Amino acid sequence: MTMAGGYSPLLWNLAMREGWRRLRRRLRAGPAYRWRYTGRTPERVLIAPPDLRLADPEIAREIYHGRFLLSGQLVETGGQSPFHLQVRNQAWLESLHDFRWLRHLNAAQSELAAANARALVADWIGLHGRRITGLAWAPSITARRIIAWLQHSAVVLQGADLAFYRQFLKVLAIQVRYLRSMAPEMPDGEEKLRARVALAFAALSLPAPVSALRSATRNLGIELDWQILPDGGHISRNPRAVMELLADLLPLRQTYANQAESPPDALVGAVERMLPALRFFRHRDGSLARFNGMGVTIHDRVAAILRHDDTGGAPLSQAPYSGYERLAMGTTTAIADTAAPPPPELSNHAHAGCLSFEMSSGRHQFIVNCGVDSFGAEAFRPLARATAAHSTATLDDTSQARFALSSGWDDWIGTPLISGPRKVERRRTDTPDTQAFAASHDGYVQRFGLLHERELALSQDGALLEGLDRFQAANGYSAGQPCAVAVRFHIHPDIELYRDDQGLLILAGEGTDTWVFSCDDVEPVVEESIFFAAVAGPCRSRQIVLHFSAPELPEVRWQFLRTHSIAERN
């Protein structure tokens, strides 16, 4: 999708702000500013913060043999330093320079792994440590590298001579001063918050005046209050951001305690809200719902994070500030997106999926959104973000929001959502025997004059999910010309889909429940689909689609009925 006509004031505003940030970064990395990053070299690392991200000693062995599997791409160095290689994959380079892979070397607990870690850090210092420029010094990557160097300083410094020890601490301190200067200029969002986390880690882990810790703590609190919503969601509305930030915030909270410092109220409050929010987005199989940039779930990481959740009990039924609804009865869970997209400057990973939902039964997912392939080709990203890749309705095969720009703009400002739903109304309609909600969005009003309203109701102890999709003229608009509607239900690749002798659509999987889909108003058809968020990358799947014209047919009712569980079949 491209934007018709000229560029909006919104785009020009985003472009000018990005231009200003880039100019400021170049100035701060230039000779006139660089002297500010020199200073006293810390004498030692006081404490190595914990790391909740999964570590595998086998990967340490692969790294030793020059095989770096980062961001889904394997690169063999052939005996060279990886920092000398010319690799085109941007994500791979970012992962190389952020040094999060040091955790695998730390987990190996061997002198060989320590020597390898020390050699690789020395290579980076020799090639990039003396000149602040390029991808290696992007503020977001610098923040992640500072955290990784502090968390795994033990393995890097194990067996190090005095010269390397001093050089490591000197370059680490330069990075901290540089990031402190750059953090205010970073775009709003997850990476800016992580920069504040990195600076707090540094103030706790390195010898620093009390004022440095106070300043880092104050700035961290400001960013947490801005980015973490009252219901624990992230302002980007991306479930992945909640998971990734908790993986940094939980160790930070522990580091405050280990240093006999009281964690700031903003940090404690944010973590206590985010842990239930992470459980809110979680299906029974451990996967996080695929909304607004979420792809493959790393189950063990989620489990490691949730071990710190002391709240217990069932997840909340609503996340009103994040804009999601959850229906859960028996072993059935449905999670739906019921809010407008995040602000444009925070929407580079947001999807055009308002009113989409996912449904799981037991430990299997039946209805899904297509998700994203986090490490795949960039060409797939627009497809994954389109409305048609979500279990909701499209009109005339168009998305409810636009995000693809002319060549060159995406390199400058990314791919923000530049239109889409602005008014989303929702209401909860629970009864003693039913969990339900109704919501509507205006994403199609400007083009077609139609509001899309969806109702979902889960009843019979989770055995019946009923839905209604209604299309009606918005206030001030006439019905207009009929337009083609497609209500889509994407099926998880592990689920079989077939018609029985009566023509009913049956959804079943090995060792799981069986569900029947029916719609009295429209004959459902089965079409091909793509599931982008599979562990091995995009794979073929199928979808149930209801095709009709609106407003000729103003509404359709449909349902998923669980006929029997695997236990009943046995």
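This is a predicted model: local features need pLDDT of at least 70, side-chain atom pairs count only at pLDDT 80 or more; totals for chains, interfaces and linings use all residues.
**View 1. Helices α12 and α13 pack at an angle of about 140 degrees, with their axes 10 Å apart.** Because angles over 145 degrees would count as roughly antiparallel, α12 is called oblique to α13. The crossing of the two helices is left-handed. On the α12 side, the contact is made by Val242, Met243, Leu245, Leu246, Leu249, Leu250, Leu252, Arg253 and Tyr256. Helix α13, which covers residues 265-280, brings Leu267, Val271, Met274, Leu275 and Leu278 to the contact. What kinds of residues meet here: nonpolar, polar or charged? Sorted this way, the contact holds 13 nonpolar residues, no polar ones and one charged.

**View 2. Arg237 sits in the loop between α11 (210-227) and α12 (239-258).** Look at the backbone here: phi of Arg237 is near 65 degrees, a positive value. That is worth a second glance, because most residues other than glycine have a negative phi. Is Arg237 buried or exposed? Its relative accessibility is 7%, and buried means under 20%, so Arg237 counts as buried.

**View 3. Gln460 is another residue with a positive phi, near 55 degrees.** You can find Gln460 in the loop that links β11 (450-459) and β12 (464-473). Gln460, too, is a residue other than glycine.

**View 4. A cis peptide bond joins Ala550 and Pro551.** The omega angle of this bond is about 5 degrees. Most peptide bonds are trans, so take a moment to look at this one. Where does Pro551 lie? Pro551 is in the loop between β18 (539-550) and β19 (555-564).

Key:
Residues are numbered from 1 along each chain as its sequence is written. Side-chain values use heavy atoms; hydrogens and water are left out. Helices (H or I, at least four residues) and strands (E, at least two) are DSSP runs, numbered from the N terminus. Buried means under 20% relative accessible area, exposed over 50%, partly exposed in between (1.4 Å probe, protein chains only). Axes are lines fitted to C-alpha atoms, for helices over the stretch in contact, and angles run from 0 to 180 degrees between N-to-C directions. Angles under 35 degrees count as roughly parallel, over 145 as roughly antiparallel, 65 to 115 as roughly perpendicular and the rest as oblique. A crossing is left-handed if the near helix is turned anticlockwise from the far one by less than a right angle, and right-handed if clockwise. Contact means heavy atoms within 4.5 Å. Ala, Val, Leu, Ile, Met, Phe, Trp, Tyr, Cys and Pro count as nonpolar, Asp, Glu, Lys and Arg as charged, and the others, Gly among them, as polar.
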